[in-house]
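Grab the model and work through these exercises with it open. Each task comes with a solution you can follow step by step.

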Amino acid sequence: MTTLTVIGFWGAYPEQDEATSCYLLEKDGCRILLDIGSGAMAKLPQFAAPETIDAVLVSHHHYDHIADLGALSYNRVVMQALKENIPAIQLFAPEESQLGSYHRDHTMEITEYKESDKVVVGPFHISFYKTNHPAPCYAMKVVTKDATIVYSADMVFDETMVEFIKGADLFLAETSFYKGQEAATFGHMNSEEAGRLAKLGGVSELVVTHLPHFGNKEQLKVEAEEAYQGNVSIASTGLTWRF
Ligand SMILES: [Zn+2]
Ligand SMILES: [Zn+2]
C-alpha cells in the first residue's frame, strides 16, 4: 500500500496552525516528503515522527517549499544525539538551487538532481519535469507498485507537460488563482488551467493545492470541475489517499 498525506497546502505563507507545500508519501516503512514549506515541521508530527523521514525532495528554492528544511535538519541533530541509528536525511534538490552548498552537514546527504535524472528511494521511483516558473522548478512523478502520483510543484500552464502526467492515479496541481484571473504572469496556474491540464492528462483524480489566501476555496473545485470531469479534491491538512 502507498499512502499520501497532505501536510501543508498553502501557497506563499501558512494560515494559522497550517503549513505551505509539504506532502508525505509512505510505503513499506519508507517515508519521503515532497517539499517542506513553512509550518510543515509543526504539522508533520501528527502524521509521522520527523526523525523517521528517509528523504526530502525539494521542487525549487522558494520559501513556501523549503522554509522548514532547516527545522527538519535541527530535529535530526537533536534526534541523532538522543537516539542510536538515526540516519542522515537524503535531500534531493535541483542542481540550480544551491541548497547543496548551503545545507552540508552530517544531518543530510545531499544529491542535486537535473530533469533527466531518476531518483530511487526505497519503493519510490521519482522522475522530474522542468516547469515554467520564476525559479528553476521541477514537477515530480512518483511511481510505486501501487500508484503513480504527479505533483505539479509551481508552474505556468503548459500543455507540453501532458505526457509527463498521463496515467497518473492522482495529480496534485498547484491552483494559485481563480478562473479568469491572470496566473501565468506570476508563474502559476488558475483553477481552470489546473482542470484543463488534468483533463488533457487523463488523470484519475485531481487535487487542487498551493491555494490562494483570498476568495472561496470551494469555488476552485467548481471551476476545476468545469474543465475536468473527474473527481476533484481541495487540499487540506491530513487529507490522505491509500493506493
Ligand atoms: Zn510556491
Ligand atoms: Zn515558487
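Is H210 buried or exposed?

*Solution.* H210 has a relative accessible area of 5%, so it is buried (buried means under 20% relative accessible area, exposed over 50%, partly exposed in between, with a 1.4 Å probe and protein chains only).

Ground rules before going on: this is a predicted model, where local features need pLDDT of at least 70, side-chain atom pairs count only at pLDDT 80 or more, and totals for chains, interfaces and linings use all residues. Residues are numbered from 1 along each chain as its sequence is written, chains are lettered from A and ligands numbered from 1 in the order in which they are written, and side-chain values use heavy atoms, with hydrogens and water left out.

**Exercise 1.** Work out which residues hold the zinc ion (ligand 1), and why the arrangement is irregular.

*Solution.* 
- Step 1: the donors come from D64 (OD), H65 (NE2), D154 (OD) and H210 (NE2), at 2.1 to 2.2 Å. Donors are N, O and S atoms within 2.8 Å of the metal (3.2 Å for Na, K and Ca); water is not among the atoms, so sites may look incomplete.
- Step 2: the 4 donor atoms subtend angles of 87 to 163 degrees, which makes the arrangement irregular. Four donors count as tetrahedral if all angles lie between 85 and 135 degrees; four count as square planar and six as octahedral if opposite donors are over 155 degrees apart and all others between 65 and 115; anything else is irregular.
- Step 3: D64 sits in helix α2 (residues 63–66) and H210 in the loop between β12 (205–209) and α7 (217–227), so this pair ties together parts 146 residues apart in sequence. Helices (H or I, at least four residues) and strands (E, at least two) are DSSP runs, numbered from the N terminus.

**Exercise 2.** Find what coordinates the zinc ion (ligand 2), and which residue bridges the two zinc ions.

*Solution.* 
- Step 1: look for H60 (NE2), H62 (ND1), H133 (NE2) and D154 (OD), at 2.1 to 2.4 Å.
- Step 2: D154 is the bridge, and the ions lie 3.5 Å apart.
- Step 3: H133 is in the loop between β8 and β9, D154 in the loop between β10 and α5 (162–165), 21 residues apart.
- Step 4: D154 is buried, at 1% relative accessible area, and H133 is buried too, at 10%.

**Exercise 3.** Which strands does β9 (residues 137–143) pair with?

*Solution.* 
- Step 1: β8 (residues 124–131) runs antiparallel to β9, with 7 bridges. Two strands pair if DSSP finds at least two bridges between them.
- Step 2: β10 (residues 148–151) is also antiparallel to β9, through 4 bridges.
- Step 3: in β9, 6 of the 7 residues are buried.
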